[in-house]
Amino acid sequence: MAQIAIIVFALPATGSVCAQAIDYTVQIDAPGRLDDLLEDNLDLVRWRGNPRLDLEQLQRLVKDAPEQARTLIATEGYYSPKVSAGLDTSTTVPVARVIVDPGEPVLVGDVDLVLRGFEPLSAGSKPFDPATLRNNWTLNVGERFRQADWEAAKRNLLRQVMQTRYPRAQLAETSATVDPDVRRALLHVVVDSGPEVRLGDLRIEGLSRYPERIVTNLNQIKRGDEYSEAALQSFQARLQDTGYFSTVEVSADSAAALEENIEELKEQQQGAPAAKPSGPEVLPVLVRVTENKRRNASVGLGYSTNTGARAQVNYDDLNVYGLRMKSQVIAETKRQAARADFYLPTTAKGYNDSFGAGFERNDLRGEITNVATVAVRRAWGTPLLERSLTFEYLSEKQTVEGQLSRNSKSLPLTYSITRRELDNLVLPTRGYVINAQLGGALLPVLTDERFVRAYTRFVNYRPISVDSTLILRAEAGALGSKDKRGVPGTFLFRAGGDQSVRGYGYQQLGVEEGEAVVGGRYLLTGGVEYQYWFKPPWGVAVFVDAGNAADRFKDLKPEFGYGIGARWRSPVGPINVDLAYGQAVKEARLHFSVGFTF
């Protein structure tokens, strides 16, 4: 068996600072990443520039460099290297040279993985599957034996065991026997499972302002479930997403079990025989929370190339008669809005129910709309698959330039579903998102004109290479009704703007009515964008968009916009600045957007 010595180098003590420090350079000739390994760790390199170093001490560093290099190179799997070092003082600045021939690497010859324990202690428990554990071992026979890979393989092995059923597992024995003569390493690992663990009752700490059902309704862990780190983390994520807490920690409470172990040790010291476990150990699920402030107010200023300058005030209260309230007032150049919504605690089945009311005024393309709404909503699912059902009452006043004002009211029900298959929900580079909506007002109750409405939007990210991505966008909508005039403008379609057809103003494309542009029955848009990341997170883009809205499907003549853009992957999402030319209006327009909001 080869023995590796750890060499600790220290400069000889001197009575005073050297009269003249020496400057020198180091040249390392080693293949692959061995060059960087020695560059980062050799004392010969680290002592450069030290004012206490003189020529005699430099010569000692050079003399000791080969042995130190052999120790470092062994961590990369080379146990029989040829290393030489020398100092050239014939030049003005001395040159220390280290030359390395690593030779052939040591390979893994055998892996002896021993599992100790792992016997199911309760009726109906499935036996632990050792084959899966062995198949997931990452340092296999025939691979180069690197110290970093060996440590990582042991950590990964233990991590896999601890994630389910056996959170107290530990590595009882580990050894790597290296034979440099035959270039083989024999690995031996013994894993002790420790006790099997089941999850028990829920315990909550830190809750004072808000009702306990905020936590209990989100708990999908049942008493007696096998310990699962993934289940605990999922519970923690659901609690964090509620907005009630600044910090959340969900874990299996081992304090009670620790006290029992201490009592057993005391009894054994007093001569009592050790009790054999009769079943799995049951640990309570401990939830520790730090509550957010009940009330929060914020003010913001901004600018959008769609709706102009913006001032915004938000006010939230996390406990209004047991409900969470979110409200905001927005004043933009072309849009003003005020809204308040109240959210009930998430139900045990995962439903998020809310109700609210709002008012919005839009002044776009010669059309002014004032809409008051009252709505109730149920949402459920996950960020990967979201669903919602919204029932609302709308009262709208529409004023088109040069015409009399029109009033309409409606009582629609809308179902929406969003599917996300993305590599990153904030900065996506691969995958797709699709949203589909189906709804309408079908009953002649508080409704001037019955209608059915369908809408869908799709975005697809396709990597072309490491540095480039192709983005495909499509959008379509259709409205069915006897008379469009009785349908609130909210349910009609227009196109144009940052998230639609670039090169045109916000909702500039639609049905011309006198001097104004109003919404149509049908919508169809699409776009192709090529992004090139020349120096991540910085990139550039070229794109072509097309689309329009109309009252008749045959009148959906696409209007084109195309241009170039700058991209930056910020921590809060992509920031896009585009210069687009609208072919129909024969003018260029600047577009600016932040984040991925689909």
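Tutor: Glutamate 67, for instance, is partly exposed at a relative accessible area of 37%. Keep in mind that this is a predicted model, where local features need pLDDT of at least 70, side-chain atom pairs count only at pLDDT 80 or more, and totals for chains, interfaces and linings use all residues. Residues are numbered from 1 along each chain as its sequence is written, and side-chain values use heavy atoms, with hydrogens and water left out.

Student: How many salt bridges does a search of the whole structure find?

Tutor: The general idea first: side chains of opposite charge can pair when their charged atoms come close. The cut-off here is a side-chain nitrogen of Lys or Arg within 4 Å of a carboxyl oxygen of Asp or Glu. Searching the whole structure with that gives 39 salt bridges.

Student: Which residue forms a salt bridge with glutamate 67?

Tutor: Arginine 70 does, with the closest N and O atoms 3.4 Å apart. Helices (H or I, at least four residues) and strands (E, at least two) are DSSP runs, numbered from the N terminus. Both residues sit in helix α3 (residues 55-74), three residues apart, so about one helical turn separates them. Arginine 70 is partly exposed, at 30%.

Student: Where do glutamate 281 and arginine 168 lie?

Tutor: Those two side chains meet in a salt bridge at 2.8 Å, N to O. Glutamate 281 is in strand β9 (residues 281-291) and arginine 168 is in the loop between α5 (147-163) and β5 (170-179), so the pair ties together parts 113 residues apart in sequence. Glutamate 281 counts as buried at 19% relative accessibility, while arginine 168 counts as partly exposed at 28%.

Student: Which residues are linked in a network of salt bridges?

Tutor: They are Arg473, Arg502, Glu529, Asp545, Arg567 and Asp578.

Student: What about strand pairing: how many bridges join β15 to β16?

Tutor: Two strands pair if DSSP finds at least two bridges between them. Strands β15 (residues 367-382) and β16 (residues 385-400) run antiparallel and are joined by 16 bridges. They form a hairpin with two residues between them, and arginine 378 stands opposite leucine 389 in β16. β16 also pairs with β17, antiparallel, over five bridges; in β17, arginine 406 is the bridge partner of glutamine 398. That hairpin has five residues between its strands, and glycine 402 in the turn has a positive phi of about 85°.

Student: Which residues lie nearest its centre?

Tutor: Of the 35 residues lining the largest cavity, Tyr461, Ile471, Arg473, Gln499 and Asn576 lie nearest its centre. Strand β24 gives the most to that lining, with six residues.

Technical notes:
Buried < 20%, exposed > 50% of the residue type's maximum accessible area, 1.4 Å probe, protein only. 1 Å grid on protein atoms, 1.4 Å probe; cavity = no way out; pocket = protein on both sides within 12 Å on 5 of 7 lines; lining within 4 Å.
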